[in-house]
Amino acid sequence: MHIAVCLSRLPDPNTVEVDPLTGAVDASRMLYILNPADAAALERALQLRAPEDRVTALTVGPAEADSILRDALAVGADDVLRVWEEGRTSTRPAVTALLLATALRTTELPDMLLCGTRSLATGSGKVPALIAEYLDWPVVTDIVDFTLQGSMVRFLRRLAKGARSEGEVMLPAVLAVEAGAAALRYAGLPDLMKAKRAAIPVQDLSELGLSPVDLNFPAPTAQATMPPYRRPREIFVPEASLPPHERVLQVMSAGIAQKSGRIVSGSPEQAADQIIAFLADRGFVDRAG
Amino acid sequence: MVMTTHDEKMRTVRFRVDDTAHISVDGEKCKSCAVRACVTVCPAGLFVPLDDGSVLFNYEQCFECGACYFVCTQEGAIRWTYPRGGFGVTFRES
Amino acid sequence: MAPHVLVIAEVEQDRLMPATLECLAEARDMVSGRDGTVQVVLPGFGVTALAETLAEHGADRVTVVEHAALERFSADGWLQALEPVLRDVRPALILAPDSGYGRAWLPRLSARWRMPLVTNCSRAKVIEDGYPEAYRFSHDGRLHERLIWARGVRVGFMMAPDVRGVPAPKRGRQAVIEMVRPMLDPATFRDRTLRTLPPDPRTVDLVDAERIVSGGLGVGSADGMNLLRTLAETLGATLGGTRVAADRGWLPSDRFIGTTGKIVAPKLYIAFGVSGAGQHLAGIGGSQVVIAVNTDGTAPMLKMADLGVVGDLHAIVPILLKKLEALAQGSAAPAALADAVPERELAVAGR
Amino acid sequence: MAVNGGSEHFDVIVVGAGPAGSAAALIAARAGLSVALIERGEYPGAKNVSGAVFYGSAILNKLIPGWWEQAPVERHVCRRDLVLMSPTTSVSLDFRSSAAGYSEPPYNGFTILRPKFDRWFAAQAEAAGAFLLTSAVVDDVIKEDGQVVGVQVRRDMGELRGDVVIACDGANSWLARKAGLQRELHTHELSLGVKEVIGLDEATIRERFQLTGDEGVALEYVGAVTDSVHGGAFLYTNRDSLSLGILGQLSSLVEHKKRPYDLLEAFKAHPAVAPLVRGGTLREYSAHLIPEAGWNMVPTLYGDGILVAGDAAGFCLATGIYIEGINYAIQSGLAAGTAAVEACRRQDFTRYSLMKYMELLYQRNVLTDLRAYRHAPAFVNGERLQNVYPELAARISESLFRVAGDRKQKLLPLYWQTLQQVGTKPRHVLKDLYHVARAYLW
């Protein structure tokens, strides 16, 4: 069986810092990672691989994205492929999906395509279904677990509020897994060194038989970024007349809000009664009688 | 003035947390320690003294500086190593 | 131009998903003062009765797309059944909940129609007379983006659940109800859902849990954690804990809460023996009601609780269990989990 | 490259891609050796923190001519201030020069940001042919018959073999200890540095610090900045940010029970510092250990198959006048790299062959400087220099410059009186003068 895995390199959300006033993002402070859900997909692919099987990892991105393909090689991917058109600065989900689908079509169609269900960047979650559309394959999203059963895959999918559903899908299919579906293995030293030296194959539009016109999709006319709801935190200024120690104390305590709850003590019996009374008050348990 | 709380300081630092702790603290050994030097020196404020005399430690936001290791006076209370390669703190500008 | 907004309804276990009602509220706002109409497409089997609820929440027209093959979700089935219906309706805008179901078929439709589709939206509206506008979250909620399209472009919006909240229904509000019975061959569905498993507090992801009982270092042992597990089951809650408790092996590693673990926002959060290190507190900020039990009266956890109890959990929990059992026998089971999300003020920056 | 039992063999394995490691790897790779440069961070510099001013542009200029034109430098340092602080007053020695060597190529020093600089420097080593391996932590050396023959990386099949191992793994050098070359360090030999990078726009920086173009300033503080803790503070100008921090001797932090970040906040709130950072925004907080005891903490620098360089070897000059480390790191890295090259030429990797390193360290003035200032660290961290003299200088200056209509005192009586106020006896001062002289004069 041939399993393909789509990977994306994106900014670690913890390093995406937004100017609270302008909403501008400081790109120079971003560090890049392999999308966690894609890492889970890669791990599942490696786990699924029988000795005669093959795992190919693909990504759409500039030369910097080679790093995640090297990571994939280091943990055991058999082949990698990067798709990119020089001069392009970014892609949108529709473009990414089209490039990936076309690359799979022109090289070799796998028996199964695994990817992360959502990216941590725009987090559109559309790419899996779009690839499925371009390949005319079925797709399942939000997968937390799955098993291969002949030409079918039995899957467990996450629904809202903690519900789950079980289902099955015919292969070939696009399976989009959640980040929690698996933890990516840690590469051994010889593999890491080998991957570092590996040449990464790249395909551009002409090799895929596409023209730039094919990548034109309707786009918004205006786009702006802003910080999430949180209002910018006012920077606290201590009183200048205070001695240094107190100025520090002032600063250290500024803005740390505590709940104005009540604190009770007493015997365990009383404590239990207090808790039950509180839970009943707030409607979490029915009061007796 | 650029006064910041410890919390705000820590929010500027990027950590990639490993599954397993690279530092572990034997709270039992801390019970006989009067100095609690780790609580004082840790630049990330990761050591929390508890009422029962032991010390609570959280490795997630560790700077890997080694200060706790050097100041600890209780033989064997702190087991110290670096996190696995690629994990732990990453400085972007310092 | 009077906008015609279409909402795609999602049904699970014969009930409308709250996210659908949130979309409906958003759609109502879009057409208000514009003399537009809100139409809901309701796919399923035996779901006609739900049309009434949709009307009460603001639908002017409900199109029930009914077929036995639509009893359970299939992306292939939804596409086959709904594409012709939507093509006939020609809505100006489409709203749907951002769910795993929606993301399996709507992007495919958007590709066929070359229709922009925005997922993870916190807000969608129409500015002036016809410029679709969306706000969406990106970068794991770090960033909020605003997108605007040219006038009259048909856009699909998939709304992030639990952002807007569900407003109270208007009792007695009426809608036009129509039935569509498509011709479908379930044998052509390449994907299908076999059964739905309701939320199980014991296995539910902490992120989704409505009630959480959590244990910290003060729990002392795996046995202590088992005591809390029993309490969690009695309260219909999910068991979680701190990084330290997980490190000691008392909890599976996907069960800890904090900066680098799960960020939770339950309605009820009860902490036992949790001292309240900053890394943990940062993970529970969204909790609505917090109870903390700790032997240390100065623990930060107690200070951020609505009810802080100074005492030993090992003494308190067994008594608590007994009393809760007695209560349960005296009356019914614990109060049912309310499924409506309270309406929250939506403060979009720049509004 | 011979493949040996599944593990690769290198001529030289350098552990740690900081300035010392990259310098060693660069020189060895240029000599045509196969070199592995191993870094535990995601990228070189990811785990590194310094002030940082890099004095020693001329050293690097010999290696990479005109290096500052391609490297990510912030500002060239043409102004240095030494500031003595009391809680309310500061007295400073302000040095500023436009003389050649300061404001003209090759310049004297540059402010740098380590994650950027280290990344660039390691890339130079890579370009010269070194094999840079990141995300790999080295846990131990591999020894055969007492000879170091490689390192153990914490990954599956993590054995990596090499003829010479150069340990450049920083102040808390695991490798030097594992190889039995360094003893356990004492808390009075190490300082903890905590630092903030504070964003401020270029125009404000130029105006506030009286700079033009790419000029920069390095301010160093002693006295009340660290409360009663022995240490100091610094403030450096970067292109569009300030690097600001405090250093506290570990033993002293423990003794006085001071949390380093509280001291940092107090420093920023000091009346002499607050106006300099006003309006800035915090960009990053960081911390690191600094080997401050100089000559007295230098480990055994060479063994069979192993050399120690940079902070791992304690090559840091913290004397009050000089706070330098990166230059010595590079010098020692170059010395170690060269010693490894010569050992490879001889195919003799015993300690007798690697002893050449010592000679090169003296030639490059690393050990010469450290030895000359061997008494300085103890003096700098002495109680009176830390807590009495800055106060003394502040009080004298306060009395000297205050005009309240009183009779003006002459200097000696004023000095005498203030000395008594701060509770120091003249014989202590004389004794300290002797120490100063011994530490700095001859």
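Biologist: Among contacts in chain A between residues at least 6 apart in sequence, what percentage joins residues at least 24 apart?
Modeller: The model is predicted: local features need pLDDT of at least 70, side-chain atom pairs count only at pLDDT 80 or more, and totals for chains, interfaces and linings use all residues. Residues are numbered from 1 along each chain as its sequence is written, chains are lettered from A and ligands numbered from 1 in the order in which they are written, and side-chain values use heavy atoms, leaving out hydrogens and water. A contact means heavy atoms within 4.5 Å. For chain A, the percentage joining residues at least 24 apart is 66%.

Biologist: How far apart are the C-alpha centres of the two domains of chain A?
Modeller: An automatic or database domain assignment sets the bounds. In chain A, domain 1 covers 2–215 and domain 2 covers 244–281. Between their C-alpha centres the distance is 46 Å.

Biologist: Which residue of chain A forms a salt bridge with C:R190?
Modeller: A salt bridge puts a side-chain nitrogen of Lys or Arg within 4 Å of a carboxyl oxygen of Asp or Glu. Here the closest N and O atoms are 3.7 Å apart. The pair crosses between chains, from the loop between β11 and β12 of chain C to the loop between α4 and β7 of chain A, where helices (H or I, at least four residues) and strands (E, at least two) are DSSP runs numbered from the N terminus. The partner of C:R190 is A:D136.

Biologist: Is D:E284 buried or exposed?
Modeller: Buried means under 20% relative accessible area, exposed over 50%, and partly exposed in between, with a 1.4 Å probe and protein chains only. D:E284 meets B:R92 in a salt bridge (4.0 Å, N to O), and the pair joins two chains because D:E284 lies in strand β16 of chain D and B:R92 in the segment after β6 of chain B. B:R92 has a relative accessible area of 5% and is buried. At 0%, D:E284 is buried.

Biologist: How many residues apart in sequence are the parts that D:K356 and D:E342 tie together?
Modeller: Their salt bridge has its closest N and O atoms 3.9 Å apart. D:K356 lies in helix α11 and D:E342 in helix α9 of chain D, so the separation in sequence is 14 residues.

Biologist: What is the distance between the end C-alpha atoms of helix α16 of chain D?
Modeller: The expected span is 1.5 Å times one less than the number of residues. With 16 residues (426–441), α16 should span 22 Å, which agrees with the modelled distance of 21 Å.

Biologist: Which residues of α16(D) are buried?
Modeller: Their cover includes α12, α13, α14 and α15 of chain D. The buried residues are D:V429, D:D432, D:A437, D:A439 and D:Y440.
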